[in-house]
Amino acid sequence: MCPAAFSNFLLLVSSLLFAGLSAVPQSFSPSLRSGTGAACRLTRAESERRCRAPRQPPGGALCHGRGRCDCGVCICHVSEPGVYFGPLCECHDWVCETYDGSICAGTCHCGRCKCDNPDGNGLVYGKFCECDDRECIDDETEEICGGHGKCYCGNCYCGAGWHGDKCELQCDISPWESKRRCTSPDGKICSNRGTCVCGECSCHDVDPTGDWGDIHGDTCECDERDCRAVYDRYSDDFCSGHGQCNCGRCDCKVGWYGRKCEHPRSCPLSAEESIRKCQGSSALPCSGRGKCECGKCTCYPPGDRRVYGKTCECDDRRCESLDGVVCGGHGTCSCGRCVCERGWFGTLCQHPRKCNMTEEQSKSLCESADGILCSGKGSCHCGKCICSAEEWYISGELCDCDDRDCDKHDGLICTGNGICNCGNCECWDGWNGNACEIWLGTEYP
């Protein structure tokens with residue numbers, strides 16, 4: 001080879017070698033020392049810069065504080081029970097945070113959980129790989145939540161009209177009817193305190209230590225936390241210790257008042273004298289329809305003129321049918337009793353004295369499915385049953401209902417705040433609960 005050609009060859013090799021070295025990452029510097037024990041060719045500042053994590057300010061920890069910096073290269077510490085590794089000692093096999101008592105439901109890699117998704121479907125995810133949406137797959141349809149809902153972290157959230165762990169069950173009522181049943185008196189679904197499932201509210205129980213939780217009611221309308229001066233889930237100090245919590249509202253004892261019964265009320269009467277004055281001839285103070293304060297009754301609902309009297313003994317709501325018609329439109333109400341017009345009779349003036357039916361026609365309308373007239377507990381008049389007055393608890397179109405089956409509160413059927421309709425309490429406006437014992441009105445005495 002001629003001298004000129006050999007010189008050109010050496011120049012080409014030198015250029016390629018320089019280009020290759022400049023492409024090596026900064027963290028990889030095997031030739032920054034001339035030999036073993038030789039001085040580093042980097043300045044101290046440059047060496048530390050290479051050992052520091054990106055975007056970390058000068059003076060920050062080198063090698064993540066897990067190693068020493070040697071001429072721009074991190075020499076990681078070795079510690080039990082594992083080792084640090086990585087270009088900047090950023091990896092540590094045992095630093096994965098714990099979840100549910102275990103370290104990472106997947107594989108811990110460089111301090112982070114790597115979830116195992118062999119099918120590549122991404123159904124296992126989360127910071128700790130704690131979410132497994134495979135739990136939402138229906139065994140029969142092999143669809144997520146049966147195709148009727150969405151899955152989040154292994155739990156199905158069903159669409160309208162469906163329920164079940166995997167949304168596999170269809171409601172027997174329409175979504176509209178389900179929503180209607182779950183709508184609380186203030187127009188909210190389960191009072192924004194629960195979940196509606198096929199027309200029934202599942203209330204969010206914020207106090208699992210209690211017997212029934214702080215939130216309850218058919219539409220989760222009752223929140224007992226409102227009865228506490230300072231909410232403490234482990235305290236039973238309702239109504240400042242001077243009253244009873246009634247669906248989130250305090251019913252104060254005699255001598256106390258205030259939203260949470262926090263204010264004492266002066267009264268010259270003793271508690272026994274006060275109750276005796278409010279009781280009158282009734283077995284309960286204020287006939288069970290009001291509040292007794294210093295010997296005087298305040299009837300409720302507040303402002304309802306149908307409940308009145310010195311001891312709230314008059315309740316004209318008892319003159320109304322379930323449709324709200326007073327004395328059947330054939331009489332007037334006087335202190336809770338119907339005074340019927342001529343030609344009509346009955347508790348609600350619902351029976352005409354004259355009848356245009358034959359006896360056979362009348363009886364045919366009074367017979368139950370087993371052929372017994374008025375279930376053997378009443379008499380038939382003009383196609384309608386008149387239940388026996390001796391058995392006050394017998395009711396129903398065919399005298400087939402027993403009002404004793406209705407829930408009681410304070411010894412009163414439906415607490416005196418509703419009508420017993422064949423074993424179920426039909427509450428008047430403003431009242432709720434199985435025994436109509438819960439007042440939901442805007443005011444409370």
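Between which two domains does the largest pocket lie? Hi everyone, let's work towards that together.

A quick word on the model before we start. It is a predicted one, where local features need pLDDT of at least 70, side-chain atom pairs count only at pLDDT 80 or more, and totals for chains, interfaces and linings use all residues. Residues are numbered from 1 along each chain as its sequence is written, and side-chain values use heavy atoms, with hydrogens and water left out.

Now the overall picture. The protein has five helices and 41 strands; these are DSSP runs numbered from the N terminus, with helices being H or I of at least four residues and strands being E of at least two. Of its 445 residues, 30% are buried, where buried means under 20% relative accessible area, exposed means over 50%, and partly exposed is in between, using a 1.4 Å probe and protein chains only. If we take contacts between residues at least 6 apart in sequence, 27% join residues at least 24 apart. Contact here means heavy atoms within 4.5 Å.

Back to the pocket. Domain 2 (331-393) and domain 3 (406-439) both give residues to its lining, so the largest pocket lies between them. Those domain bounds come from an automatic or database domain assignment.

How do we find a pocket at all? Rolling a probe the size of a water molecule over the atoms shows where empty space is left. On a 1 Å grid over the protein atoms alone, a pocket is an open set of points where a 1.4 Å probe fits, with protein on both sides within 12 Å along at least five of seven lines, and lining residues have an atom within 4 Å of a point.

The volume of the largest pocket is about 1800 Å³, meaning the space filled by probe spheres set on the points, which are joined across faces, edges and corners. Its lining has 49 residues, and Thr347, Leu348, Ser395, Asp403 and Ile419 lie nearest the centre. By class we get 24 nonpolar, 15 polar and 10 charged residues. Nonpolar covers Ala, Val, Leu, Ile, Met, Phe, Trp, Tyr, Cys and Pro; charged covers Asp, Glu, Lys and Arg; the others, Gly among them, are polar. Several strands supply at least two lining residues each, including strand 27 (314-315) and strand 38 (418-421).

Let's stop at strand 27, where we find Asp315. Is Asp315 buried or exposed? With a relative accessible area of 2%, Asp315 is buried. Its contacts, leaving aside neighbours within four places in sequence, include Arg289, Cys335 and Trp428. The C-alpha atoms of Asp315 and Asn417 are separated by 9.5 Å, although these residues are 102 apart along the chain.

Glu313 sits in the loop between strand 26 (307-308) and strand 27. With 38% relative accessible area, Glu313 is partly exposed. Apart from neighbours within four places, Glu313 is in contact with Ser287, Arg289, Tyr308 and Cys335.

One last stop is Ser362, in helix 5 (residues 359-366). Ser362 counts as buried because its relative accessibility is 7%. Beyond four places in sequence, the contacts of Ser362 include Met357 and His381.

So, to come back to our opening question: the largest pocket lies between domain 2 and domain 3.
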